Amino acid sequence: MTRRLSLFGATGSVGQSTLDLVRRDREAWRVGVLTANCDVQELARLAIEFRPDVAVVADESCYGYLKAALAGQGIECAAGAAALVEAAERRADLVMAAIVGTAGLAPTMTALAAGHDVALANKEALVSAGELMTAAARASGATILPVDSEHNAIFQCLAGGRIDQVRRIILTASGGPFRTMSAADMAAVTPAQAVAHPNWSMGAKISVDSATMMNKGLELIEAHHLFPVGLDRIEILVHPQSVIHSLVEYIDCSTLAQLGSPDMRIPIASALAWPQRMATPCAPLDLAAISRLDFEAPDEERFPATALCRAAIAAGGARPAQLNAANEVAVAAFLAGRISFPAIVDTVRRVVDAAEPAAPSSLQDIFSVDTASRAAALRFVEQYEHA
Ligand code: NAD
Ligand code: MG
């Protein structure tokens, strides 16, 4: 049976991995929607290959190029934030949410509200609006299928028991490229060093988040919304090889783990095929060749981001949205060479310390906090530049 797929963030790392799987079984999928921010050349190329009903660029200044590139192809073109939301309403059996940042929040919420199952890679959306998003899914009956490798692992391990029988969820972390580096040396690392992840090939933003361990903090918030076992039952364990993607311990002391090569096509395939399985071209695990798996406790002194995230969940309300927005601005500033590596998490801490956002009751409230937090973060970035 052919299933209809809408793919948001088609040109990114997760988007391209998704299309790599779709390409191998064209009979199984009808791609309805493809979107990108402004990499129109690639979007047009993908649109000609996959022939969606509509191709959307978020950046309106790219519309002319897209229209010209797809002239005569019989593929609708659209641009802008409203067009992204409109595309999310279109009929789909599965929506892949693979936009990076809160830019993906509105289309993801729209898809859930419309009752579409969502394969969720876009963790920032869930971090910012977790309560609203899970409530929207409950209200419409939509299923959120986690694509983030750790959450996909937990989701798979949860098939082995009931959620009220879980004693602990253990979220594994690679520790990133600076796992063994001193705090003093981290002060001088460059964007190129930070995006060179030891195990995974990913977009720039999540790669920097992995280096600061903010990624694991965001994942803690993500896990808290997806798997409501209580924050004190979710632990972080550093596991440098990224072979065990996470574990679930039950009340009987049975611990289930999901293992696999560090290849995002494995969790993506799990979400695409759920509740079935599909074949992938990924390398099977060769544990004899790997020979050993290592584990260590996280060091929250050198990597304070996870503690900030834990505090943000405990504070609740719009605190995680505020933290996430500040982090997006700080990561962009680091990648642009404007601030140092340690200034990323410092900026987030300063923004969070400077203002206490009111509890949100709507998506609009989340967007207001997001905007204010970005402005605050930019002010701190400017202070670093002039210090
Ligand atoms: P990426 O930077 O490679 O791709 C991002 C995609 O979003 C691109 O298609 C881009 O055009 C689009 N986009 C960017 N800004 C946009 C905007 N303002 N409006 C609309 N579209 C926009 O990112 P990625 O690494 O593929 O990550 C995507 C999401 O998946 C992130 O939330 C990330 O945390 C999550 N994730 C990624 C991986 C991975 O291995 N890459 C693993 C786990 C989770
Ligand atoms: Mg992850």
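Modeller: The protein donors of the magnesium ion (ligand 2) are Asp148 (OD), Glu150 (OE) and Glu219 (OE), at 2.1 to 2.2 Å from it. Donors here are N, O and S atoms within 2.8 Å of the metal (3.2 Å for Na, K and Ca), and water is not among the atoms, so sites may look incomplete. This is a predicted model, where local features need pLDDT of at least 70, side-chain atom pairs count only at pLDDT 80 or more, and totals for chains, interfaces and linings use all residues. Residues are numbered from 1 along each chain as its sequence is written, chains are lettered from A and ligands numbered from 1 in the order in which they are written, and side-chain values use heavy atoms, with hydrogens and water left out.

Colleague: How are the donor residues of the magnesium ion (ligand 2) spaced in sequence?

Modeller: The pattern is D-x1-E-x68-E. Asp148 sits in the loop between strand 7 (144–146) and helix 7 (149–157), while Glu219 belongs to helix 11 (residues 214–226), so that pair links distant parts of the chain, 71 residues apart. Helices (H or I, at least four residues) and strands (E, at least two) are DSSP runs, numbered from the N terminus.

Colleague: Asp148 and Glu219, buried or exposed?

Modeller: Both Asp148 and Glu219 are buried. Buried means under 20% relative accessible area, exposed over 50%, and partly exposed in between (1.4 Å probe, protein chains only).

Colleague: What about helix 12, how many of its residues are buried?

Modeller: Eight of the nine residues in helix 12 (residues 265–273) are buried, so it is mostly covered. Among them are Arg265, Pro267 and Leu272.

Colleague: And helix 14?

Modeller: Ala315 lies in helix 14 (residues 305–315) and counts as exposed, at 52% relative accessibility. Ala315 and Leu247 are 68 residues apart in sequence and 26 Å apart in space, C-alpha to C-alpha.

Colleague: Last topic, the backbone. Which peptide bond is cis?

Modeller: The one from Trp274 to Pro275 is cis, with omega near 0°. Pro275 is in the loop between helix 12 and helix 13 (287–290).

Colleague: Which residues have a positive phi without being glycine?

Modeller: Ser242 has one, at about 50°, and Cys253 has one near 75°. Most residues other than glycine have a negative phi, and most peptide bonds are trans.

Colleague: Where do Ser242 and Cys253 lie?

Modeller: Ser242 lies in the loop between strand 9 and strand 10 (244–250), and Cys253 in the loop between strand 10 and strand 11. Ser242 is also buried, with a relative accessible area of 5%.
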